[in-house]
Structure formats: C-alpha cells, structure tokens
Amino acid sequence: MKTNLITREGFDQLQQELDFLWRTERPEVTRKVTWAASLGDRSENADYQYNKKRLREIDRRVRYLRKRLESVRIVDYAESQEGRVFFGAWVTLVDEDDTELTFRIVGPDEIYERKDCVSIDAPIARACLKKEPGEEVLVRTPIAEKTWYIERIWYEGGQA
C-alpha cells in the first residue's frame, strides 16, 4: 500500500510530467500514428505499430498521473519539524564503522531515478521517524538488522 504523501517538489514534478505528456508528446505521437496509418497496410507498418504502442503507454501514464495527483496530500515544511525526523527531512546516518548514509524521506512517487531519496514506506525511513540527532535507529528488514545513529537532520527551506 502506497502512502498518499508527497512533497511540494514531487507534486510539481508529477504535474510537469503530466503536462509534457498531454500537451507535447501525445499530440506528436498522434500525428505520427495518423501519418503512418495514411500509408496503407498497417499490419506491416513499423512506424504505425510502434507509435500506436507508445500512444497506449502515454494514455496509461496520463490516467495514472491524473488519478494520483487527485489522491496525494502535499506535505509542506513547518518550523515545528525542526530537530526531529519527519516527512520531507534530509537525514544523515552513521553506523559503527563510520559509514555515512544521507537521504531524504519522500513519498513513493518521488523515489524513481533518485539515489538520494527513500520512500516513507521503507523500513529505514519508518525507523527514523520522530528521532533526534544522536539517537539510535534500529533498522529491521526481512534479511537483517542494522543499527545506525542520526548525525544530522535538515529540511529544505529550514535550518541546517
């Protein structure tokens, strides 16, 4: 089950993707499909086949984005969050071997193609919630347990 939270930046990115797909890419692909269909035999027309498939992919993503943008709740930064880990926080953890791990806790729609973000639904994010710098974080996963210590917490728009 996905959590329906999203940062303001994540919401804006999904909105931009929807606008690009609907206003730019879809009309272009539709023109290509129309052109390829006018050439005749569609069964052996690679341009028609590929662009028709791409059009279905675009339509599926547009439907998903519209539905998702209606259902998510934007969580903006609030000063009351300072000093503790909440949604939208940047967190730096350190383990016993002085290995550092820095990430931002975001919604599940924001983690794709990002190495510096972790979903609020991830075990490491859940373990960090409401903790303060210096506190121990025990992360339990199906295959292991690991202890980390919170070194630093900050928010975009907040104090470092």
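Me: Where is Ile-143 found?
Reply: Ile-143 sits in the loop between β6 (136–140) and β7 (145–155). Those strand labels come from DSSP: a strand is an E run of at least two residues, a helix is an H or I run of at least four, and both are numbered from the N terminus. Just so you know, this is a predicted model, where local features need pLDDT of at least 70, side-chain atom pairs count only at pLDDT 80 or more, and totals for chains, interfaces and linings use all residues. Residues are numbered from 1 along each chain as its sequence is written, and side-chain values use heavy atoms, with hydrogens and water left out.

Me: Why is Ile-143 called exposed?
Reply: Its relative accessible area is 82%. Exposed means over 50%, buried means under 20%, and partly exposed is in between (1.4 Å probe, protein chains only), so Ile-143 at 82% counts as exposed.

Me: What makes Glu-25 buried?
Reply: Glu-25 is in helix α1 (residues 8–37). Its relative accessibility is 17%, so Glu-25 lands on the buried side.

Me: How do you know that Glu-25 makes a polar contact with Arg-54?
Reply: Their side chains are 2.8 Å apart at that contact. A polar contact is a pair of N or O atoms within 3.5 Å; within protein, one must be able to donate a hydrogen and the other to accept it, and residues adjacent in sequence count only if both atoms are side-chain atoms.

Me: Why does Thr-92 count as buried?
Reply: Thr-92 lies in strand β3 (residues 89–94), and its relative accessibility is 5%, so it gets the buried label. Its side chain also makes a polar contact with the side chain of Thr-102, at 3.1 Å. Leaving aside neighbours within four places in sequence, Thr-92 is in contact with several residues, including Tyr-149 and Trp-154.

Me: How do you know that β4 and β5 pair?
Reply: Two strands pair if DSSP finds at least two bridges between them. Strand β4 (residues 100–106) and β5 have 3 bridges, in the parallel sense, so they qualify.

Me: What makes β5 and β6 edge strands?
Reply: The open sheet of 5 strands runs β5-β4-β3-β7-β6, with mixed pairing. β5 (117–119) and β6 each pair on one side only.

Key: Contact = heavy atoms within 4.5 Å.
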